[in-house]
Amino acid sequence: MRIRALTIPAALLSVSAVACSPEAAVPPAMPVMEASSATVVAPSYAQGPGLDRSAIDESTSACTDFYQHACGAWLKNTPIPDDKAGWTRSFSVIDEKNKELLKAILTDLSAGKTGGVAFGKEMASVYGACMDESAIEKRGAKPLAPIFTTVNRLTKKNLAETLAALHTQGIPAFFAFGPTPDAKDSSQMIGDLVQGGIGLPDRDYYFDDDAKTKEVQSAYRKYLETLFTLSGKKPAAAKQLAEDVYGLEKRLAEHMMNKVDRRDPQKVTNKMDLAKVESLAPGFSWKTYLKMMKVSDAVAINVSMVAYMKALPERFDKEPLPLVKSYLEARILSSTATQLSKPFDDAAFAYKAALTGQKTREIRWKRCVGLVNDGMGEALAQPFVAKTLGDGGKDAVQKLIMAIEASMEARLPTLAWMDDETRAKAFEKVRAIVNKVVHPSKWRSYEGLAVKAGDHFGNVLAAEAFENARQMTKVGKPVDREEWFMSPPDVNAYYDAQTNQMVFPAGILQPPFYGPQNAKSANFGAIGMVMGHELTHGFDDEGRQFDAKGNLTDWWTPACSKGFDERAECVVAQYNDFVPIDDLHVNGKLTLGENLADLGGINLAYQAMMSDAEASKTGSAGFTPQQTFFYAYAQSWCTNQRPEMQRLRVKTDPHSPPKFRVNGPLTNMPAFREAFACKAGDAMIRENACRVW
Ligand SMILES: [Zn+2]
């Protein structure tokens, strides 16, 4: 699946893999910059729709550091809540509001007011059981007994059965298997084998030896030790087991593909049949594994990480059986800890706090709302969309998207580095993009999901098993182009290269990103830029390798390809120079796709705004339309973030920190310079501006 989201989906950063309440999907904060008097602001301090004058730091010039200028007062006056690792003016505020709405829905359902809501009773059961902390406390670690029994029966011969039993319940170990569109035939789903099963956030965390990474490593080892103690091991044994399991994970990590290579579609596309998988990774019964996963062994399989899968048999062979058992126990414990009694939950939180700097856990109801949204998102979303934008707002949003697409079509002929042959294909691709807004056209059914009142852990496992079974039925079937990969309440958006679709859930179609009452120039700067960002993903270093139909095909002439690479290199170099915290640099290669999307996105949105008769003439709060546009953009990214979270993001997130998502693209934009009358030599003007799209 090659989904490129606006921000990192929260689930990918959660400590637990089995549903845990998602937290705000937000990027980092910023150092205070020097003050300057040359600000270009009108005298009135009225709050205009779509932007917030009180957020502005008047002591920093727009031309010195626009992010600090547009967000500075907000950054100073907005503390991060204790239960969050970061806080944004847009994502977090909307997310909290959405959670309140979802809570009200679930409270009604729990009181029996189902009002015809599909699967209302089931959602009430999941929510109610999750809220019943005393029942969860009473059961302690008992719910794990059946899964541990499976692991205790492990022999060198039944590893495939054991792993399948864990994988079907959502417990990650050694690798993951799921459906993916065939890279060369995007109409067909095949199987996908992916590396996995480590507890640190990324394989590099096992090898980096700076002081901060070492702190995270030791917090993780301590976490494993606590989990083993809680599951009944003696203290000395628990400590030893934690060290041994950590060692095994490190040996797995050695063979893992790094995060920059994982972005390269050529490197992760290796389709083969079962016989070839068997000869690549012999000694493991792939046939049995597929049978247990209820997938036909006639299906084609993409082996995303060949070197890793090749190395696995040796690990299976060389690691002592008791250690493999302990490793599997560690995976079970760490992926379910947040759903068990308080001592387990505390251990998980201590590790999460070390990783993210979060001070306290989210209040129970927020976690339980998150759990229902994770497990039954498309049922919970139906009453949600009725209370938010609803279908009535779809048309206006679609019109904005069409304006952004028209910008792309208008820009293509202006690109001197592009030859006509490639340009014709680019046109074809833009015109083929399918846009989806608010909610899916057909809702997913939860028929057969066996949840019951009072059984929290059972419900979590049932939801995992249900979802896993749904995923497995896709393997070998045609691609379902109606499926969504985000829940409508999510404050996010994505582009999927393999279906050539952009998706904007109801969650993000709210102020300050979007509001029918906002100045139109502000809507273009905030949600318009998001739309431009997703569209540009179809043409970033990764997306450009897929054609209009979503097939991995080289539709570029060699000269044009070279022209693109040279321009992309300018962006890599620009972002490599950014240092968000301590001496940690942004990884220009890891973040290239997102940075290209930001740069393209803001340019497309600006052009669309200027081509719109109303938007190009209406500013807000005393600003010109152009200034309003740039303020709305910057202010949708104002973010405070704890230092631990900043480090985690820089080391793992393909998105750049918010300050650079704003200042990076704008320093390359002549229109920004004009809007704020910046002069040569100002920090917001790059001498050799990067332009790609
Ligand atoms: Zn993106």
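Tutor: Helices (H or I, at least four residues) and strands (E, at least two) are DSSP runs, numbered from the N terminus. With that naming, Lys294 sits in the loop between helix H10 (286–292) and strand E6 (301–303). We're looking at a predicted model, where local features need pLDDT of at least 70 and side-chain atom pairs count only at pLDDT 80 or more, while totals for chains, interfaces and linings use all residues. Numbering runs from 1 along each chain as its sequence is written, and side-chain values use heavy atoms, leaving out hydrogens and water.

Student: What is phi of Lys294 near?

Tutor: Most residues other than glycine have a negative phi, and most peptide bonds are trans. Lys294 has a positive phi, near 60 degrees, without being glycine. There's a cis peptide bond too: it joins Pro511 and Pro512, with omega about 5 degrees. Pro512 is in the loop between strand E9 (501–505) and helix H18 (520–537).

Student: How many disulfides does the rule count?

Tutor: The rule takes a pair of cysteine sulfur atoms within 2.5 Å, and the count is four. One of them is Cys63 with Cys678, sulfur atoms 2.1 Å apart. The torsion about their S-S bond is about -85 degrees, so this disulfide is left-handed.

Student: Which parts does that pair tie together?

Tutor: Cys63 is in the loop between strand E1 (3–5) and helix H1 (66–77), and Cys678 is in the segment after helix H24 (670–675), so the pair links parts 615 residues apart in sequence.

Student: Now the domains. Where do their bounds fall?

Tutor: Bounds come from an automatic or database domain assignment. Here domain 1 is 31–99 + 390–444 + 483–675, and domain 2 is 141–339. Their centres, taken over C-alpha atoms, are 35 Å apart. Counting contact as heavy atoms within 4.5 Å, domain 1 gives 18 residues and domain 2 gives 20.

Student: What area is buried between domain 1 and domain 2?

Tutor: The size of an interface is often given as the accessible area lost when the parts come together. Buried area here uses a 1.4 Å probe and is summed over both parts. Between domain 1 and domain 2 that's about 1,700 Å², with carbon and sulfur atoms giving 53%. Gln498, Leu552 and Lys651 supply 38% of what domain 1 buries against domain 2, more than any other three residues.

Student: How many salt bridges cross the interface of domain 1 and domain 2?

Tutor: Look for a side-chain nitrogen of Lys or Arg within 4 Å of a carboxyl oxygen of Asp or Glu. The rule finds three across this interface. On the domain 1 side that touches domain 2, helix H20 (592–610) and helix H22 (643–652) each give two or more residues, and H22 has the largest share, four residues.

Terms used. Buried area = accessible area lost by both parts, 1.4 Å probe.
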